[in-house]
Every structure is written in C-alpha cells, then in structure tokens.
Amino acid sequence: MEKLNILLVLRWMFFISIACSEFSRDLIASELDKNFNISRGINLSRIFAYPDKNGSLYKWPPFFNEKNLRFSDAEIVKLKDVGFDFVRLSVDPGPYIYFDRYDDILYSELFDFINRLRRHGFVVIVDSHPATYSSNWKSNDILWNEIKFKSYLHYLSKIASRISDMDEGGVILQLMNEPQGECSASLIENDWRIKQKILFDELRKKWSNLPIAVSGTCWSSIDGLLLLDPRDFDKNTFYDFHFYDPYVFTHQSIIWTKSPISGIFGLSYPYNHGNKKSTLDSSRFEFENNERSRIGQISPLSFTEIESVVDKYYLIDKPELSYINSRFKKISDWSIRYSVPKRNIILGEFGAVKTTYTIADGSRRRWLYDVRTVAEKNHIAWALWDYGYLFGLLQAEQGKEYDMDTLISLGLISKD
C-alpha cells in the first residue's frame, strides 16, 4: 500500500511538472505577443553602419561621416505617426570589434538610440550587418576565420547582455544580415547554418529568454529560410527573410549590381504592363548616353546579355501577383510543417530601386503594393528597405520628405 502511495505521488508530481513546463512556455509566448506585436517596419541602415574609413582601417569616431544620418526625436515621432511600429537597425560589427578598448562609448551610443526608439513605442531589431564594401569584417571574413568568429561571438554577447539588462524588453538580436550568398558553403564546417547554430547555442547558455532572430543562406531569401530546421531553435526565436524577387526588376540599373542587370532600364511589373521593345529601347538609350558605358561599366558585350535577360523576363518568367503568392505559400507551408507561429516570421527587407522608368509607369508602386499585401495576407510582419532614397522611403537624396507613392504602396496613407 505504501509503495502504491509513493507511485501515485510520483505520478502526480510528474504531471504537475509537465503542467508547469507548459505554463512556462505559454507565459513566454504571451510575453512575445505583448512585447513584439509588430506589423509594419522600416530599416534604418545609415546610423550605425557605413563607418568612416581610411582604406580598410576604421577612423575614430566611426559613425560621424557624411554617409551617417543624425536622427532627431521629431523624426522618430514622424515615423511612428505615419504608421511604422518597428525598426530594423543596421549595426556594422567591424568598428565594435576593431575599437574594442573604446567599446563602452560605441555601445552606449548604440543603446542610447535604441532606448530613444523604445521610448517612442518602437520594437527594435538589432540587425548585425557586416560590411559588403572594403573591410576586414565582411561576413565571409567572420565565418571562415575562427579567431574572427570568436571575436564576433564576443561582440554579439555584449549586445545580448545589454538587451537583457533593459527593463521593458522589446528588442530582438539578429545574429547576422545576409550571411551567405550561396545556399550551401563549399566547406560544410563554414556553412552559415552550422555557424549560426554555434552562435545561437552559445548565447542561449547565458540568456535563455533573449529574443533572437535567425536567417537562412541564399542571401537570406525564401529559399534560404526553407533550408532552416526550426527544431534547432526555440520559442524565443524569430525567423528573418528578405524578398527582392525578381531581382532583375528590383535591382535593375544599379551601378553596383553585376552586368547585365546594371545595364537594364525600364523593366515593368507586372510583366504585362510593359513589353520587351520598350525596355530594350530604354536600355539602349542609357547604354549609348549614360556615363557608365563610357567608363567601361557597361560594355558592348553586355547589351547582348541584356537582350537575353529581358527576353526571359517578358517571355518566360512573366512575373506578376500569382508569382509572389506562390513564393509566400512556400513560407506558409514551411511554418505549418514545423509549427512556427506566423508572428515569429518577419520579412526583414523588401524594396525596389527608384528609376525614372519604374516610377513613371507605376511599376515600383505596384510591386511594393503586391509584396506588402501578400505578406499581410499571410500574417507576416514586414520592413521596408530602407529609410533612404534609392530603395526606400525618402522622396529625394537630399532632404527628409517622404515619398508619397511609397507611403500609398505600403498602405500608410490613402490614394485620396
């Protein structure tokens, strides 16, 4: 009889422990709901990124050059008033690691700004954003060098510690922006999915409830997200992906894209709002008259390639709303398969370049509208790339007036 009573008590304790565990998980989920109820975001990429440099060396102080924005409280309020509720804040890790002995100054400046955003009601994603320009701290430098990787973990740990010390939460740490262009690295031990798991596990040893955003390979695209196994992570994890699809449309004519995309002008979205002839005519005009052709960035050979890409766009790919829907359906299927709540999935970047052609025929506006509404239909929070002019919110390179077409596309103001 005594043995039976002991068994009953043990059984009762077992069920109580399960119930407590479930309650704890539900409590964490409710805290996520409360602190991270987000829907519409903006990337701020020129405050703590694009540091001042001399060659590959950083100057001190690193974030006070002509490329860096200064952001007043009035400008923060303006973002809030127009309807944004979260900010994805780009932070270049290079200067924080390079100026390790001055790191208190740099981290204080960073968290002063984060606290200002929080006081105005913004959720903040600290987007660790390695350089894509001349630097010794590009993503490949970090992932393929063990000493630099350890330094990078140390830098993330310092940010994690400061986030954990904040009273009200509302801040997410993203482990790395667009860490790997390839979907799989040539050496598996250097693959982002392996390295990301190491970073995640190391941070979790000390900060079990820290909100962390992870991302996939393939430039953090949908394809990269689908390669992630959420069972490697936990309920305090967010999943970031980016959407620049079709890339030839979103990045047409940009000087730093590779040929032939840099030489294409006037692709329309959806495809049936334009035609091959008008795009080739625009591209040929730019090819013959644009300064880039004279300095060798667009070569005569490129135009043959341009014709091929334009052919494929209008005659084979035919991008339109149904294509975007099909891409986002892959995310929904993935979230169902792994029981990932939609509130934990974030479209961290999307945007399309402003050109004379895409603005004039409304293509950029239509593409932004379609991507935004498809994301919302799938209950996925989104963040525009970015605050600046070329892809984003501002009307001109100089000044801080918002572009009305962009606001309409994002559903932040009505057409009337």
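Author: Begin with accessibility: buried means under 20% relative accessible area, exposed over 50%, and partly exposed in between (1.4 Å probe, protein chains only). This is a predicted model, where local features need pLDDT of at least 70, side-chain atom pairs count only at pLDDT 80 or more, and totals for chains, interfaces and linings use all residues. Residues are numbered from 1 along each chain as its sequence is written, and side-chain values use heavy atoms, with hydrogens and water left out.

Reader: Which cysteines does a disulfide join here?

Author: A disulfide is a covalent bond between the sulfur atoms of two cysteines. The rule used is a pair of cysteine sulfur atoms within 2.5 Å, and it gives one disulfide. Cys183 is joined to Cys218, with S to S 2.0 Å. The S-S torsion of Cys183 and Cys218 is about 135°, so this disulfide is right-handed.

Reader: Is Cys218 buried or exposed?

Author: Cys218 has 8% relative accessibility and therefore counts as buried. Cys183, at 35%, counts as partly exposed.

Reader: At what angle do helix α6 and helix α7 pack?

Author: Helices (H or I, at least four residues) and strands (E, at least two) are DSSP runs, numbered from the N terminus. Axes are lines fitted to C-alpha atoms, for helices over the stretch in contact, and angles run from 0 to 180 degrees between N-to-C directions. Helix α6 (residues 146–164) packs on helix α7 (residues 192–206) at about 40°, the axes being 11 Å apart.
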